[in-house]
Amino acid sequence: MQLYAGAFFPGLMLATMYVGYVIVYAKLKPSIAPPLSEEDQYVPLPKFAEAIVRNGKDNVLAGLIGAIKGKRNADVPMRTLLQNLVIALLPLLAVALIMVPTYLVLTAPEEVDTSGLQEMGGGALIEESPSGDEAAGQETDAGGLAEPLAEAEEEGHQPPTTESAPTASASEAAPTPGERLPAPMGYWITLGIFLAGLAIFYAIFSFVRLEVFKMLLTSFFPLAILILGVLGSIIAGLATPTEAAAMGSFGGLALAIAYGRFNWTMLKEAVFLTAKTSAMVCWLFVGSGIFAAAFALLGGQEIINNWVLSLDLTPVQFMLMAQVIIFLLGWPLEWTEIIIIFLPIFLPLLPQFNIDPLFFGLLVALNLQTAFLSPPVAMAAFYLKGVSPPHVSLNQIFLGMLPFMAIQVIAIVLLYMFPAIGLWLPSLVYGH
């Protein structure tokens, strides 16, 4: 669970770097990404939008609110205006649905343990009066203390005071039971970024962009919500990865039915391909597990542990060595073999170098992306070859992957330099 949560922001970082590289490269060399033709760029506007635009209001919010309040667009049905206004406000509602529950969680009052408290007037709070020798001893102690205090007052010295004042001030600064805690600075920074983005978004939100946004609502956003729902249920601890996968399969089936693409032939093919892929991956795990077990039983694990410890490496040197080895293994091997065979070799060494296993796992997960891009395995290259035009060769795909491998190295360096990219969310959700 913690690995899923920790890999969330590094994955977003890596995807953002991919997109940024593509945009910059397309700007520097426009021939590789030519713009769409004018016919494809044309987005037809509905009649109500044309009526509002003719009045000189191309901004969605200004146009719709003006049409609702004014009489210049009386020929536009009010229901149509309200429906489009709700669609236009969906980004604002999404930000509110994210930030308001987050605020409530972060500022939730601390629970006070009242199990040790008793009712006022309880017998346990009434101390028994001292008797006999105890009372005499207390009087003697009081008398013995009174004389030094009196002498100190005569000499002009102040008697020693107790430390009750700092304690009282500290108690005043601490929140009272039931009072909400102050939100951390990171929350307000995130809220400011969201609000600035919304301000820019609505400032340039024209009716043409509204029509494009509607297309995204019916094509991209349902799939994105399904993905976020599957990952979010795992991160929040609501479902195990297997249960979340079942939920994702059900969601995909529901989307296929909603889009009118569902049929028994498609379902039969999907089930067959799922069983085929699962069987292939399971046999990879079986073979890798047998190899790893035999390697450990024959003493290979102990030999490597002793060899690494004999090198007298620092934690940084060990991390660099481990990541370089995994990076090189990503060229000839698939990720399953690397995880099952080679990762157990490094895990027993982590306590020796005082390395957080979660942080090491995040670096390995980011590093394993090379197994998808580097030849001769490079499963991603063969996937692309299967959907690319016939004139695109496999060598061209391999050459095109090299910049993305360099981006992965940069992402690993950034994660190592700023561990909070991967460790902040697990610490927030699981208290790691």
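Which residues is phenylalanine 360 in contact with, leaving aside its neighbours within four places in sequence? I started my notebook there and found Met319, Ala322, Gln323, Leu343, Phe346, Leu350 and Ile355. For me, contact means heavy atoms within 4.5 Å.

**Ground rules.** I am working with a predicted model, in which local features need pLDDT of at least 70 and side-chain atom pairs count only at pLDDT 80 or more, while totals for chains, interfaces and linings use all residues. Residues are numbered from 1 along each chain as its sequence is written, and side-chain values use heavy atoms, with hydrogens and water left out.

**Whole chain.** I looked up the secondary structure and got 21 helices and 0 strands. These are DSSP runs numbered from the N terminus (helices: H or I, at least four residues; strands: E, at least two). Of the 432 residues, 26% count as buried; buried means under 20% relative accessible area, exposed over 50%, and partly exposed in between, with a 1.4 Å probe and protein chains only. I also noted that, among contacts with a separation of 6 or more, 72% join residues 24 or more positions apart.

**Cores.** Back to Phe360: I found it listed with Phe318 and Ile355 as having the most contacts inside the largest nonpolar core, which has 28 residues. Such a core is a set of buried Ala, Val, Leu, Ile, Met, Phe, Trp, Tyr and Cys residues joined through side-chain atoms within 4.5 Å. Helices H2 (8–28), H15 (315–329), H16 (335–346), H17 (357–367) and H20 (394–417) each give two or more residues to this core. H17 provides the largest share, 7 residues. I then found a second, separate core of 23 residues, with Phe48, Ala183, Leu198 and Phe213 among them.

**H2 against H20.** I checked this pair next and read an angle of about 140°, with the axes 10 Å apart. The axes are lines fitted to C-alpha atoms, for helices over the stretch in contact, and angles run from 0 to 180 degrees between N-to-C directions. That makes H2 oblique to H20; angles under 35 degrees count as roughly parallel, over 145 as roughly antiparallel, 65 to 115 as roughly perpendicular and the rest as oblique. From H2, Pro10, Met13, Leu14, Met17, Tyr18, Tyr21 and Val22 meet Pro403, Phe404, Ile407, Gln408, Ile410, Ala411, Leu414 and Leu415 of H20. I sorted these into 14 nonpolar, 1 polar and no charged. In this scheme Ala, Val, Leu, Ile, Met, Phe, Trp, Tyr, Cys and Pro are nonpolar, Asp, Glu, Lys and Arg are charged, and the others, Gly among them, are polar.

**H5 against H6.** Here I read about 150° between H5 (residues 60–69) and H6 (residues 78–88), with axes 10 Å apart. That makes H5 roughly antiparallel to H6. Val60, Leu61, Leu64, Ile65, Ala67 and Ile68 of H5 make the contact with Met78, Leu81, Leu82, Asn84, Leu85 and Ala88 of H6. The tally is 11 nonpolar, 1 polar and no charged.

**Two single residues.** Is glutamate 211 buried or exposed? I found it buried, with a relative accessible area of 12%. Glu211 is in helix H11 (residues 207–235), and, leaving aside neighbours within four places in sequence, contacts Val43, Pro44, Leu45 and Pro46. Proline 348, in the loop between H16 and H17, counts as partly exposed at 41% relative accessibility. Not counting residues up to four places away in sequence, Pro348 touches Gln301 and Asn305.
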